[in-house]
Amino acid sequence: MSGSLHKGDELGQVLVQVQNDLVQLKKRLGRTAVSQQRETLDIQTLDAAIARTENCIKRRAEEYLKAVNKQVLILPIIEDLENNTRKIAKWHPPLETIPDIPLQKYLAAGVSPGEKHKAAFTMRLLYNPAHPKNRELMQQKYGIHLPDLQKKSGPTVGAQKVVTSPGVGSLAVVPAGLRSSNLQPPPPLCEEDMKAGASVSSHSLSTHLGLTEKSLPPTAADLSLVRPLVKTKVALLQHREDSSNAMIGVYERVRKQQKDVIQSKDFTQAHGIPHSERSSAWTTVTPPPSAASDSKPPQGTARLSPLNAQCVPALPPTPVGKHCFSVVEGRIDPHAVDFSAFKEHYCLHWGSLMETLWQLERLMRQFAVPLARVCGERLMALERSGVLDWGSGSVEHLLSVLENREEVWELMRQPGQRYKGEGGRQAAAVRIQTCWRRHQTRSAYLWQQRRKWAAGTIAISWLLHAQAGRVRKSLQATRLRQLENYRSSAESLAANWTHLCTSRRTIIHIPSLGYSEQRRRSLRNFDILQNTQMGRLCDIRDENVEVIYVCPVRLGEDLLHYYTQLLGLQGAADTSCAKRFTILTPEAYQHFPDHNMCVSTLLKYSPHTLHRIKNLIQGKKAYLISGVPHIDDLAVAEELGVPMLGPEPAVAQLYGTKSGARRIFTSAGVSVPPGHGDIYTLQQLYECLAQLMSDHLEVQRWLFKMDGEVGSRGIAYCDVSHLSFRPWALQEYHRHGPQLWRMAWAKEPVLMKFLEAVPSLLASYGKPFNTSCYPTWTCFLEHFLKEGGVIEAYPPSDSVTCLTVDLLVEPEGEVRMLSCGDQLHGPEALEVAGFTVPQSSVCPNTLYSICMCVGQACLQRRILGHLSLELVTFLKPGTLEQQVWAVDLDIGYSDQLAMTQLMLLMTGGALDCRRGCLEVPPPVRANKTTARQRALPKAPPPVTTRFAVMSSRLLHTNLSMVHYNVVFQMCKAQGIGYDVKERRGSVFALHDSVDRSRISMITISPDLQGALLTFARNLSVIHQEISAPNMQGESNFKNLIKSIEEVVGVTVQNAAKDHEEEERSE
């Protein structure tokens, strides 16, 4: 609906403009005669045509106005017209401004009929303004450029009623058509301008009357859409010339004002505010009152041609609401017509409106708003709503009564606009003072808050420090108490050890690996590594022993059933052995699944398991055997109230390192490899290595062992054969001889040469053995210097054998050898993959003497319990004399000892380490004895020997995809098993029920070669059964098979040599 009204308003403006142009054309052509080629222009005919066109347009305009306003046009009231009218002088424009229009041939006399018909057709098109060719013909024939009704775009006309009464506003205000912005105030007018404006208004009224008398619709200046509140009388008319000259000054002032308003327009356009948003939603656009007036331009020349579409001035918006008035520069003109009408209409409510108007004026003055249009109806509605009572109205409420509130709001939002208005300097000063005071107060507050926060932080830190100190003291007191209890119980254990070993007792096995937290977190499957000592259960082979085994993982029913059946196979001698062992799992393992805690720590935080152990050992003699000592072992022993067979954790930590073991070996007087311990700096490393290389030129490889690491994880090596000057150093050694080479002056040149070459040698040729933990030499060296370590010589021989001996340092001071075996190595030369028991590489007496010396040295340092001694043996180059070096000492229960216990349980024999043999009872025969044989005295049963190959570190990832019962079925089908009667075969130890990728295996045979071959065959069969060509999995089976083949080859060679020597001796 609004769109149709806008289009109608635009059409009305066009009709009015065309009407005005036709009137002007009639005036100009009525006094002009053009002659060309002796032909006269028929002015009367043209005048009649224009008159008919005017009448047609008049009727259309009247119909349009009736349809829009739904009322009949009413002429203004004219009183005493005859007395007040004066004759208006005719206006004669200069002839030089009239365009030179050539005479048309069809208007001349004596034209042909075809030309007359063409001229008549042309006139019909001229009479029809709606025809598409009308505008083009008017421009071609008469030079008149009519506006384009289809393309012209301009402001729309509001939907108010159109009346014919002239709406002449206050003469102190410039007409709206000459304003460039609704927000800028009109320029002030002096008295001369007001008089001139009055004459112009009188002239407009006379023109309106003249057009009405001629039956023409009024001009655009007369079509005002605002009905005046008071009927106006006809003003005194003046001569047109005077009014034209008087308006020149007005136009000049208006143009100056328009130049000042350009910045305001540019600001609105720069912010992208469209015209529809700049105009109020309650206003519409009407034609300016003076858009079609006949006033002269400032130059005094008249325009003959009508204004085109680009020259039509923009129509200012007019508010739709009634009783609107203006607030100019924060002031309301009390004598203005619109304000007087508003005051008269709301005179009964004027008392309540005065306060609101005063607030609105003050707001406009404070923000220096040049012009604000107030809608009286909205103001009255807002007053009646009560939101403005007692001055409680907000700025939003006051701005809601403005017609141009968007423009006013945009102006008020500009930074610093408040300080441009009334009281701006004072407001700015108050604002500056407020900000400064706020800044000072805020700074003081923040400073106080920082001090308060600092005081709180210090107080909390002190409280935490005090609390931590109290906790630390409490822990120290607790640990000191636990240590005292350990020492007192150790003395009691030492005093009663002999009696305890022969009486009924309960052994609590805790296979705990008490490594440092960093070391435990770096180990994969740490819980399974702790459970590789399931052979501890085999202590029940002694009828007086009951075993409580604390398992770090939850065992399934299949494993419990397997160990129950396995431990009952000791030759049917004791059928109650299955009732003398208990497997418990601490409940804390569920709460710490990924923390890699040792078993002692898990048991410490498992009260239910501790309570059950207490119930099991109640009233019985018991003691505790741990693994690698840990501080929580003392807490568990104190909680259970039993002694612990093992050293103090601090002592074990001191001597359980590579440097500590070297100190024990040195004090024991056993042979150790050339080297140096307790190295913590890089310069010390370079100097010690250079000194060792110059002292022992025969050593070709040097080992670097980290103190805190286990196995081959913390070992690196470097070969000195890469040095180019090593032959020269050997020549110097042979030149001086072994005796003089001990002198410092003899080897000083070689020492300096080695000292210069060591840094580059290590950087280029230093390599770690286990690259999964330390991939590069730089990484290894960083950890080596942080934890400390030793430098040792690798045996200068191609054939090196390593062996492990398990010792027990009893509390009463006796040292016993529990197990001894030669090592089987994996892909790396120093990685232990298995053992052959008993050992056969060192003379038993020599081995026994070394073990006794080491045991006594440990006893002197209060190192009790189980120890694992590692030795290397080789033939010395040149003399072929056998050398035995002690290279490492592990404090704790070892995997080899656990597997040895399982072997002894299955064979029912005894391992004599001093003689180096495993003796087992003879096989049980089913032959019937005769009476004569029974009458003879019983001879001692013959004794047979056995050899065993064992490994607790077998890994194959494909085992996790097969259940244990399936594996046993496959082994049974391939002939893998254990013969109880013959005491030979294969035995498995299982570690967990979930992962199932790691197992332990023992093969027992009458000879070493048979045990090795059986072990290798078992590995090969199991690998083939559980692996496919495209799914080999991760395994160490193949490497161990290769190592066994090498040992078998050496064994065959040794057997051949022994046979040759026997033949020679015979």
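**Entry 1: terms and overall counts**

I count a helix as a DSSP run of H or I that is at least four residues long, and I number helices from the N terminus. The model I am reading is predicted. In the protein I find 33 helices and 27 strands. Of its 1066 residues, 46% are buried. I looked up the accessible surface of the protein and got about 56600 Å², with 54% of this belonging to carbon and sulfur atoms. I then took the contacts with a separation of 6 or more, and 73% of them join residues 24 or more positions apart.

**Entry 2: helix α21**

I turned to α21, which covers residues 631-640. Is this helix mostly covered or mostly open? I find it mostly covered, since seven of its 10 residues are buried. I list the buried ones as Asp 632, Asp 633, Leu 634, Ala 635, Val 636, Ala 637 and Leu 640. The elements that cover them include α14, β7 (505-509), α19 (599-604), α20 (607-617), β10 (622-625) and α22 (649-655). Just after the helix, I note that Gly 641 has a positive phi of about 70°.

**Entry 3: α14 against α21**

I looked at how α21 meets α14, a helix of residues 424-495. Their axes come within 9 Å and cross at roughly 70°. Angles of 65 to 115 degrees count as roughly perpendicular, so I put α14 and α21 down as roughly perpendicular to each other. From α14, the contact uses Arg 479, Arg 481, Gln 482, Leu 483, Asn 485 and Tyr 486. From α21, I have Ile 631, Leu 634, Ala 635 and Glu 638. I sorted the residues of this contact into five nonpolar, two polar and three charged.

**Entry 4: α9 against α10**

My next pair was α9 (residues 337-345) and α10 (residues 350-366). They pack at an angle of about 135°, with axes 10 Å apart. That makes α9 oblique to α10. Phe 339, Phe 342 and Lys 343 of α9 make the contact with Trp 350, Leu 353 and Leu 357 of α10. I count five nonpolar residues in this contact, no polar ones and one charged.

**Entry 5: nonpolar cores**

I looked up the largest nonpolar core and found 111 residues in it. The residues with the most contacts inside this core are Leu 537, Leu 847, Leu 869, Leu 889 and Met 903. Which helix gives the most to this core? I find helix α32 (residues 1008-1026), with nine residues. There is also a second, separate core of 33 residues, and I note Leu 685, Met 706, Val 720 and Trp 777 among them.

I went back to Leu 847 and left out residues up to four places away in sequence. Leu 847 then touches Leu 803, Val 805, Met 817, Cys 820, Gln 839, Val 842 and Leu 871.

**Entry 6: two loop residues**

I find Thr 532 in the loop between α17 (526-530) and β8 (545-550). Its relative accessibility is 3%, so I count Thr 532 as buried. Setting aside neighbours within four places in sequence, Thr 532 is in contact with Asp 895, Ser 952 and His 991. From C-alpha to C-alpha, I get 7.7 Å between Thr 532 and Ser 1000, which are 468 residues apart in sequence.

Glu 982 lies in the loop between β25 (978-979) and β26 (984-990). With 25% relative accessibility, I count Glu 982 as partly exposed.

Definitions and conventions:
Residues are numbered from 1 along each chain as its sequence is written. This is a predicted model: local features need pLDDT of at least 70, side-chain atom pairs count only at pLDDT 80 or more; totals for chains, interfaces and linings use all residues. Side-chain values use heavy atoms; hydrogens and water are left out. Axes are lines fitted to C-alpha atoms, for helices over the stretch in contact, and angles run from 0 to 180 degrees between N-to-C directions. Angles under 35 degrees count as roughly parallel, over 145 as roughly antiparallel, 65 to 115 as roughly perpendicular and the rest as oblique. Contact means heavy atoms within 4.5 Å. Ala, Val, Leu, Ile, Met, Phe, Trp, Tyr, Cys and Pro count as nonpolar, Asp, Glu, Lys and Arg as charged, and the others, Gly among them, as polar. Buried means under 20% relative accessible area, exposed over 50%, partly exposed in between (1.4 Å probe, protein chains only). Accessible areas come from the Shrake-Rupley method with a 1.4 Å probe; for residues, only the protein chains shown count as cover. A nonpolar core is a set of buried Ala, Val, Leu, Ile, Met, Phe, Trp, Tyr and Cys residues joined through side-chain atoms within 4.5 Å.
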